[in-house]
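Visitor: I'd like to learn how to read this fold feature by feature. Could you walk me through it, general idea before the case at hand?

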Amino acid sequence: MTDVSSKSTAATTPTAIGRRTVLIATGATAASLAVAAAAPDAPTAEATDPAPVAAAAVCTLTKEMTEGPYYLDGQLVRADISEGKTGIPLQLTLTVVDDSTCAPLNSALVEIWHCDALGEYSGFVGNNGHDEPDNGTFLRGGVLTGADGVARITSVYPGWYRGRCVHIHVKVHTDVTLTADGSFTGGQELHTGQLFFDETITTRVAALAVYAANTVPRTTLAQDSIYDDGGAASGLLTLTALGSSPSAGYAGTLTLGVRS
């Protein structure tokens with residue numbers, strides 16, 4: 001099962017998860033606002049840089065995107081979700097801001113999940129036609145933002161599955177309760193969306209042996225039925241190479257604004 005739908009339908013018809021308006025802010029910075037300290041016993045992003053707060057003039061409103069069929073509740077709160085999966089490194093830096101003020105949100109849980117190089121999701125291995133061990137947790141998890149609104153998550157560059165371009169699913173929660181097993185419960189879900197990758201870079205990555213082993217035809221960004229060609233406003237990451245070749249991996253950044 002793939003999370004595909006018509007672009008024209010998505011523009012006019014509410015999805016099953018609702019159509020809460022969110023904001024994606026890019027580029028500019030402004031003075032930060034004081035916010036409460038993050039929970040001391042949870043993985044949080046390091047707050048070493050000035051708080052990246054987007055100026056209202058560059059804020060662009062957009063709509064949420066489908067959750068898809070592969071979400072699992074209560075995944076681990078952790079900064080590294082790779083679990084040793086094969087694939088090139090991906091270092092995500094996601095900044096969460098309030099849509100009305102563009103101020104950073106502290107202690108918001110940014111949760112992501114995505115498929116591995118073979119297009120398989122943990123908990124659903126085999127749906128993309130490949131046989132591999134399935135522990136139900138690989139490439140799933142999240143981290144609390146720091147006072148600067150930043151969540152840093154380490155993973156691997158995703159593969160692809162039938163009918164979808166390369167992407168990552170993301171949720172933003174507030175007021176979650178951390179559990180003894182390293183997971184979370186409760187809280188309020190403010191945003192459900194997807195993160196996308198530049199097609200030129202994905203083409204280079206797809207040529208690497210670990211990704212070329214994926215036997216399913218790849219859907220490009222332009223062919224995808226969910227991505228609407230809206231750039232950063234639709235979840236397109238800004239990617240920066242970590243080295244001189246694709247195998248060194250990439251850093252991906254994006255600022256997400258949510259209606260809190």
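Visitor: What share of the contacts with a separation of 6 or more comes from residues 24 or more positions apart?

Guide: A contact here means heavy atoms within 4.5 Å. Residues 24 or more positions apart account for 78% of the chain's contacts with a separation of 6 or more. Keep in mind that this is a predicted model, where local features need pLDDT of at least 70 and side-chain atom pairs count only at pLDDT 80 or more, while totals for chains, interfaces and linings use all residues. Residues are numbered from 1 along each chain as its sequence is written, and side-chain values use heavy atoms, with hydrogens and water left out.

Visitor: Which C-alpha pairs show residues that are apart in sequence?

Guide: Take Phe196 and Gly252: 56 residues apart in sequence, with 9.8 Å from C-alpha to C-alpha. Arg152 and Thr95 are 57 residues apart in sequence, and their C-alpha atoms are 8.7 Å apart. Then there's Tyr227 with Leu195, 32 residues apart along the chain and 9.2 Å between C-alpha atoms.

Visitor: How many helices and strands does the chain have?

Guide: Helices (H or I, at least four residues) and strands (E, at least two) are DSSP runs, numbered from the N terminus. By that count the chain has 3 helices and 12 strands.

Visitor: And how do I read a sheet?

Guide: Strands of a sheet pair through backbone hydrogen bonds, either parallel or antiparallel. Two strands count as paired if DSSP finds at least two bridges between them. Here, an open sheet of 4 strands runs in the order 5-4-7-10, with antiparallel pairing. Strand 5 (140–144) and strand 10 (188–196) are its edges, each pairing on one side only. Zooming in, strand 4 (residues 109–113) is joined to the antiparallel strand 5 by 5 bridges, and Trp113 stands opposite Arg140 in strand 5.

Visitor: What about the nonpolar core?

Guide: In soluble globular proteins, nonpolar side chains tend to be buried together. A nonpolar core is a set of buried Ala, Val, Leu, Ile, Met, Phe, Trp, Tyr and Cys residues joined through side-chain atoms within 4.5 Å. The largest one has 33 residues, of which Ile112, Tyr157, Phe197 and Leu237 touch the most other members. Elements that each supply at least two residues of this core include strand 3 (89–98), strand 4, helix 2 (199–206) and strand 12 (250–258). A second, separate core of 7 residues includes Met65, Cys165, Phe196 and Leu236. Phe196 lies in strand 10 and counts as buried at 0% relative accessibility.

Visitor: Which residues of helix 2 are buried?

Guide: An α-helix has 3.6 residues a turn, so residues three or four places apart point the same way. In helix 2 the buried residues are Ile201, Thr202, Val205 and Ala206. They cover an arc of only 135° around the axis (taken from the directions from the helix axis to the C-beta atoms), which puts them on the same side of helix 2. Those buried residues pack against helix 3, strand 11 and strand 12.

Visitor: Which side chains does Arg164 join in polar contacts?

Guide: A polar contact is a pair of N or O atoms within 3.5 Å; within protein, one must be able to donate a hydrogen and the other to accept it, and residues adjacent in sequence count only if both atoms are side-chain atoms. Arg164 sits in the loop between strand 6 (150–156) and strand 7 (167–174), and at 0% relative accessibility it counts as buried. Its side chain makes a polar contact of 3.5 Å with that of His167 and one of 2.9 Å with that of Gln194.

Methods: Buried means under 20% relative accessible area, exposed over 50%, partly exposed in between (1.4 Å probe, protein chains only).
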